[in-house]
Amino acid sequence: MFKKWYLWSVLCFSALQIFCSQNEYNTDFYEALGAETLKEFAVKSGLDSGEDVKRLYPYIKNAKVILEIGAGYGRAASFIEKGMSEFATLYLCENVPSFVKELETVFSDPIFVLNKDFRELDEKAFLKEKPDLILWMWSGLFDFAYEEQEEAFKTLKKLLAPHGHLVVDLPCHSSVTNSTHVVNSSIEGEEINIRNGDIVYIGFFLSLERMKKLIEKAGFKLDKIETYKPPNTDRERAQYFLVIENE
Ligand SMILES: C[S@@+](CC[C@H](N)C(=O)[O-])C[C@H]1O[C@@H](n2cnc3c(N)ncnc32)[C@H](O)[C@@H]1O
(Lines give C-alpha, C1' and ligand atoms only; values in the text may rest on other atoms or scores of the structure.)
Protein backbone atom coordinates (compact mmCIF):
# COMPACT_ATOMS: atom_id res chain seq x y z
CA MET A 1 0.00 0.00 0.00
CA PHE A 2 2.77 2.44 1.03
CA LYS A 3 4.80 1.44 -2.03
CA LYS A 4 1.84 2.19 -4.32
CA TRP A 5 1.26 5.59 -2.70
CA TYR A 6 4.98 6.36 -2.96
CA LEU A 7 5.14 5.50 -6.68
CA TRP A 8 1.96 7.48 -7.32
CA SER A 9 3.28 10.61 -5.59
CA VAL A 10 6.63 10.40 -7.40
CA LEU A 11 4.78 10.01 -10.73
CA CYS A 12 2.48 12.96 -10.02
CA PHE A 13 5.37 15.25 -9.14
CA SER A 14 7.38 14.18 -12.18
CA ALA A 15 4.36 14.94 -14.38
CA LEU A 16 3.90 18.29 -12.65
CA GLN A 17 7.50 19.16 -13.38
CA ILE A 18 7.03 18.40 -17.06
CA PHE A 19 3.69 20.16 -17.59
CA CYS A 20 3.87 23.12 -15.16
CA SER A 21 5.96 26.23 -15.30
CA GLN A 22 8.74 26.20 -12.72
CA ASN A 23 6.82 28.65 -10.57
CA GLU A 24 3.64 26.55 -10.64
CA TYR A 25 5.68 23.47 -9.77
CA ASN A 26 7.23 25.26 -6.79
CA THR A 27 3.92 26.65 -5.52
CA ASP A 28 2.58 23.07 -5.62
CA PHE A 29 5.63 22.17 -3.51
CA TYR A 30 4.62 24.81 -0.93
CA GLU A 31 1.05 23.53 -0.83
CA ALA A 32 2.31 19.98 -0.21
CA LEU A 33 4.87 21.24 2.33
CA GLY A 34 2.33 23.12 4.45
CA ALA A 35 2.73 25.99 6.90
CA GLU A 36 4.02 23.90 9.81
CA THR A 37 7.07 22.62 7.90
CA LEU A 38 7.72 26.07 6.44
CA LYS A 39 7.71 27.40 10.03
CA GLU A 40 10.39 24.83 10.90
CA PHE A 41 12.48 26.08 7.95
CA ALA A 42 12.07 29.63 9.28
CA VAL A 43 13.50 28.54 12.64
CA LYS A 44 16.43 26.77 10.97
CA SER A 45 17.27 29.84 8.90
CA GLY A 46 16.92 32.22 11.85
CA LEU A 47 14.11 34.07 10.06
CA ASP A 48 11.54 33.27 12.74
CA SER A 49 13.26 36.18 14.56
CA GLY A 50 11.98 38.59 11.89
CA GLU A 51 15.50 40.05 11.62
CA ASP A 52 15.12 40.44 7.83
CA VAL A 53 12.02 42.62 8.26
CA LYS A 54 13.19 44.54 11.34
CA ARG A 55 16.22 45.77 9.39
CA LEU A 56 13.75 47.41 6.99
CA TYR A 57 11.75 49.29 9.64
CA PRO A 58 13.01 52.73 8.53
CA TYR A 59 11.49 52.01 5.07
CA ILE A 60 8.40 50.28 6.47
CA LYS A 61 7.66 53.14 8.90
CA ASN A 62 7.67 55.71 6.08
CA ALA A 63 5.69 53.74 3.51
CA LYS A 64 2.05 54.56 2.73
CA VAL A 65 1.21 51.42 0.77
CA ILE A 66 3.21 48.23 1.25
CA LEU A 67 2.94 45.12 -0.92
CA GLU A 68 4.45 41.82 0.13
CA ILE A 69 5.02 39.36 -2.71
CA GLY A 70 4.46 35.69 -1.77
CA ALA A 71 3.37 36.24 1.83
CA GLY A 72 3.35 32.53 2.74
CA TYR A 73 1.67 31.81 6.09
CA GLY A 74 2.32 35.39 7.28
CA ARG A 75 5.74 35.22 8.98
CA ALA A 76 7.12 38.45 7.48
CA ALA A 77 3.69 40.10 7.53
CA SER A 78 3.44 39.75 11.31
CA PHE A 79 6.67 41.76 11.66
CA ILE A 80 5.72 44.28 8.96
CA GLU A 81 2.46 44.93 10.81
CA LYS A 82 4.42 45.85 13.96
CA GLY A 83 6.62 48.36 12.12
CA MET A 84 4.17 50.10 9.78
CA SER A 85 2.54 53.47 10.31
CA GLU A 86 -1.04 53.50 11.59
CA PHE A 87 -2.05 55.25 8.34
CA ALA A 88 -0.46 52.67 6.06
CA THR A 89 -2.08 49.85 4.12
CA LEU A 90 -0.46 46.45 3.68
CA TYR A 91 -1.31 44.07 0.83
CA LEU A 92 -0.29 40.42 1.10
CA CYS A 93 -0.18 38.61 -2.23
CA GLU A 94 -0.15 34.81 -2.12
CA ASN A 95 -1.52 32.07 -4.35
CA VAL A 96 -1.15 28.84 -2.33
CA PRO A 97 -4.70 28.11 -1.09
CA SER A 98 -3.81 26.84 2.42
CA PHE A 99 -1.55 29.85 3.05
CA VAL A 100 -4.21 32.25 1.77
CA LYS A 101 -6.70 30.71 4.21
CA GLU A 102 -4.26 31.20 7.11
CA LEU A 103 -3.56 34.83 6.08
CA GLU A 104 -7.28 35.61 5.84
CA THR A 105 -7.82 34.20 9.34
CA VAL A 106 -5.03 36.22 10.94
CA PHE A 107 -5.06 39.62 9.17
CA SER A 108 -7.73 42.22 8.60
CA ASP A 109 -8.18 45.88 7.52
CA PRO A 110 -5.79 47.75 6.94
CA ILE A 111 -4.12 44.51 5.86
CA PHE A 112 -5.62 42.93 2.74
CA VAL A 113 -4.96 39.51 1.26
CA LEU A 114 -4.69 39.30 -2.53
CA ASN A 115 -5.33 35.69 -3.51
CA LYS A 116 -3.46 35.75 -6.82
CA ASP A 117 -0.34 35.00 -8.75
CA PHE A 118 1.37 38.39 -8.32
CA ARG A 119 2.14 38.53 -12.05
CA GLU A 120 -1.61 39.02 -12.58
CA LEU A 121 -1.76 42.08 -10.32
CA ASP A 122 -2.41 45.51 -11.78
CA GLU A 123 -3.26 48.92 -10.34
CA LYS A 124 -6.89 47.89 -9.77
CA ALA A 125 -5.75 45.53 -6.97
CA PHE A 126 -5.05 48.54 -4.72
CA LEU A 127 -7.66 50.72 -3.06
CA LYS A 128 -6.15 54.14 -3.85
CA GLU A 129 -2.46 54.38 -4.56
CA LYS A 130 0.16 52.03 -5.94
CA PRO A 131 2.61 50.56 -3.39
CA ASP A 132 5.59 52.74 -2.53
CA LEU A 133 7.31 49.77 -0.88
CA ILE A 134 7.35 46.25 -2.32
CA LEU A 135 8.97 43.51 -0.26
CA TRP A 136 10.08 40.18 -1.73
CA MET A 137 11.42 38.34 1.30
CA TRP A 138 12.90 34.98 2.15
CA SER A 139 14.27 34.02 -1.25
CA GLY A 140 10.90 34.22 -3.06
CA LEU A 141 12.70 35.11 -6.29
CA PHE A 142 14.18 31.58 -6.37
CA ASP A 143 10.67 30.17 -6.97
CA PHE A 144 11.01 31.26 -10.60
CA ALA A 145 13.13 29.82 -13.39
CA TYR A 146 15.54 32.29 -14.96
CA GLU A 147 13.20 33.08 -17.88
CA GLU A 148 10.33 33.70 -15.42
CA GLN A 149 12.42 35.94 -13.14
CA GLU A 150 12.69 38.54 -15.87
CA GLU A 151 8.91 38.72 -16.34
CA ALA A 152 8.45 38.88 -12.56
CA PHE A 153 10.74 41.90 -12.25
CA LYS A 154 8.96 43.67 -15.09
CA THR A 155 5.62 43.19 -13.30
CA LEU A 156 7.05 44.65 -10.10
CA LYS A 157 8.34 47.67 -11.96
CA LYS A 158 4.80 48.34 -13.27
CA LEU A 159 3.31 47.98 -9.78
CA LEU A 160 5.76 50.18 -7.87
CA ALA A 161 4.89 53.86 -7.37
CA PRO A 162 7.38 56.43 -8.68
CA HIS A 163 10.16 57.03 -6.13
CA GLY A 164 9.20 53.79 -4.34
CA HIS A 165 11.51 50.99 -3.24
CA LEU A 166 11.59 47.28 -4.00
CA VAL A 167 13.57 45.17 -1.53
CA VAL A 168 14.59 41.63 -2.52
CA ASP A 169 16.00 39.38 0.22
CA LEU A 170 18.10 36.34 -0.77
CA PRO A 171 20.79 34.10 0.70
CA CYS A 172 24.18 35.39 -0.34
CA HIS A 173 25.55 34.02 -3.56
CA SER A 174 29.31 33.47 -3.52
CA SER A 175 29.61 36.36 -5.98
CA VAL A 176 28.36 38.69 -3.22
CA THR A 177 30.28 37.11 -0.32
CA ASN A 178 31.91 33.74 0.14
CA SER A 179 28.92 32.00 1.66
CA THR A 180 26.25 30.04 -0.22
CA HIS A 181 24.16 28.31 2.43
CA VAL A 182 20.52 27.41 2.12
CA VAL A 183 18.72 25.40 4.78
CA ASN A 184 18.10 21.68 3.99
CA SER A 185 19.44 22.05 0.49
CA SER A 186 21.94 20.87 -2.03
CA ILE A 187 23.31 23.34 -4.54
CA GLU A 188 24.26 22.16 -8.06
CA GLY A 189 25.81 25.06 -9.93
CA GLU A 190 23.15 27.73 -9.55
CA GLU A 191 20.22 25.36 -8.94
CA ILE A 192 19.05 24.71 -5.36
CA ASN A 193 17.19 21.53 -4.46
CA ILE A 194 15.28 21.31 -1.20
CA ARG A 195 13.90 17.89 -0.46
CA ASN A 196 10.86 17.32 1.70
CA GLY A 197 10.22 13.57 1.70
CA ASP A 198 9.62 12.67 -1.94
CA ILE A 199 8.95 16.22 -3.01
CA VAL A 200 11.76 18.38 -4.27
CA TYR A 201 11.77 22.15 -4.54
CA ILE A 202 13.85 23.48 -7.41
CA GLY A 203 15.04 27.04 -7.03
CA PHE A 204 17.36 29.26 -9.00
CA PHE A 205 20.24 31.05 -7.33
CA LEU A 206 21.39 34.33 -8.84
CA SER A 207 24.96 35.51 -9.11
CA LEU A 208 25.48 39.22 -8.61
CA GLU A 209 26.10 39.55 -12.32
CA ARG A 210 22.82 37.84 -13.27
CA MET A 211 20.94 39.86 -10.66
CA LYS A 212 22.36 43.12 -12.02
CA LYS A 213 21.30 42.15 -15.55
CA LEU A 214 17.75 41.36 -14.42
CA ILE A 215 17.52 44.64 -12.52
CA GLU A 216 18.71 46.64 -15.49
CA LYS A 217 16.48 44.81 -18.02
CA ALA A 218 13.39 45.54 -15.94
CA GLY A 219 14.23 49.24 -15.67
CA PHE A 220 15.33 49.28 -12.03
CA LYS A 221 18.46 50.80 -10.55
CA LEU A 222 20.38 49.05 -7.78
CA ASP A 223 20.45 51.57 -4.93
CA LYS A 224 22.49 49.38 -2.53
CA ILE A 225 23.09 45.84 -1.27
CA GLU A 226 23.24 45.13 2.45
CA THR A 227 24.34 41.81 3.92
CA TYR A 228 23.49 40.40 7.34
CA LYS A 229 23.35 37.16 9.30
CA PRO A 230 20.05 36.20 10.93
CA PRO A 231 20.51 35.42 14.66
CA ASN A 232 21.89 31.98 15.63
CA THR A 233 23.01 31.13 12.10
CA ASP A 234 26.20 31.33 10.15
CA ARG A 235 24.34 31.99 6.92
CA GLU A 236 24.81 35.34 5.33
CA ARG A 237 21.91 36.92 3.46
CA ALA A 238 21.72 39.88 1.08
CA GLN A 239 19.07 42.58 0.72
CA TYR A 240 18.92 44.32 -2.66
CA PHE A 241 17.35 47.80 -2.57
CA LEU A 242 15.96 48.76 -5.98
CA VAL A 243 14.51 52.01 -7.23
CA ILE A 244 13.05 52.87 -10.62
CA GLU A 245 15.71 54.01 -13.07
CA ASN A 246 15.51 57.68 -14.13
CA GLU A 247 13.15 58.83 -11.37
C1 LIG B 1 9.78 31.27 0.92
S2 LIG B 1 8.09 31.68 0.97
C3 LIG B 1 8.22 33.25 1.75
C4 LIG B 1 7.02 33.58 2.62
C5 LIG B 1 7.03 35.00 3.22
N6 LIG B 1 7.35 36.01 2.23
C7 LIG B 1 8.00 35.13 4.35
O8 LIG B 1 9.01 35.85 4.20
O9 LIG B 1 7.77 34.54 5.40
C10 LIG B 1 7.68 32.15 -0.72
C11 LIG B 1 6.19 32.32 -0.93
O12 LIG B 1 5.94 32.89 -2.22
C13 LIG B 1 4.75 32.30 -2.73
N14 LIG B 1 4.72 32.44 -4.20
C15 LIG B 1 5.51 31.80 -5.10
N16 LIG B 1 5.18 32.17 -6.35
C17 LIG B 1 4.17 33.07 -6.25
C18 LIG B 1 3.41 33.80 -7.21
N19 LIG B 1 3.62 33.68 -8.51
N20 LIG B 1 2.43 34.65 -6.74
C21 LIG B 1 2.20 34.77 -5.41
N22 LIG B 1 2.89 34.08 -4.45
C23 LIG B 1 3.87 33.24 -4.87
C24 LIG B 1 4.88 30.85 -2.29
O25 LIG B 1 3.64 30.20 -2.33
C26 LIG B 1 5.41 31.01 -0.87
O27 LIG B 1 4.39 31.14 0.06
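**Ligand shell, core and helix packing**

Leucine 92 touches Glu68, Ala71, Ala77, Leu103, Phe107, Ile111, Val113 and Leu114, leaving aside residues up to four places away in sequence, where contact means C-beta atoms, placed from the backbone, within 7 Å. This is a predicted model, in which local features need pLDDT of at least 70 and side-chain atom pairs count only at pLDDT 80 or more, while totals for chains, interfaces and linings use all residues. Residues are numbered from 1 along each chain as its sequence is written.

**Nonpolar core**
- Ile66, Leu92 and Ile134 touch the most other members of the largest nonpolar core, which holds 63 residues; such a core is a set of buried Ala, Val, Leu, Ile, Met, Phe, Trp, Tyr and Cys residues joined through C-beta atoms within 7 Å, and buried means that 20 or more other C-beta atoms lie within 10 Å of the residue's own.

**Ligand surroundings**
- The ligand is surrounded by 21 residues, of which Gly70, Gly72, Arg75, Ala76 and Trp138 are the closest, a residue being counted if its C-beta atom, placed from the backbone, lies within 6 Å.
- Helix H2 (22–44), helix H5 (75–83) and strand S2 (89–94) each supply at least two residues of this shell, and H2 gives the largest share, three residues; helices (H or I, at least four residues) and strands (E, at least two) are DSSP runs, numbered from the N terminus.

**Helix packing**
- H2 and helix H6 (residues 97–106) pack with their axes 8 Å apart at an angle of about 40°, the axes being lines fitted to C-alpha atoms over the stretch in contact and angles running from 0 to 180 degrees between N-to-C directions.
- Glu31, Gly34 and Ala35 of H2 meet Pro97, Ser98, Phe99 and Glu102 of H6 in this contact.

Terms used: Buried ≥ 20, exposed ≤ 12 C-beta atoms within 10 Å, placed from the backbone. Contact = placed C-beta atoms within 7 Å.
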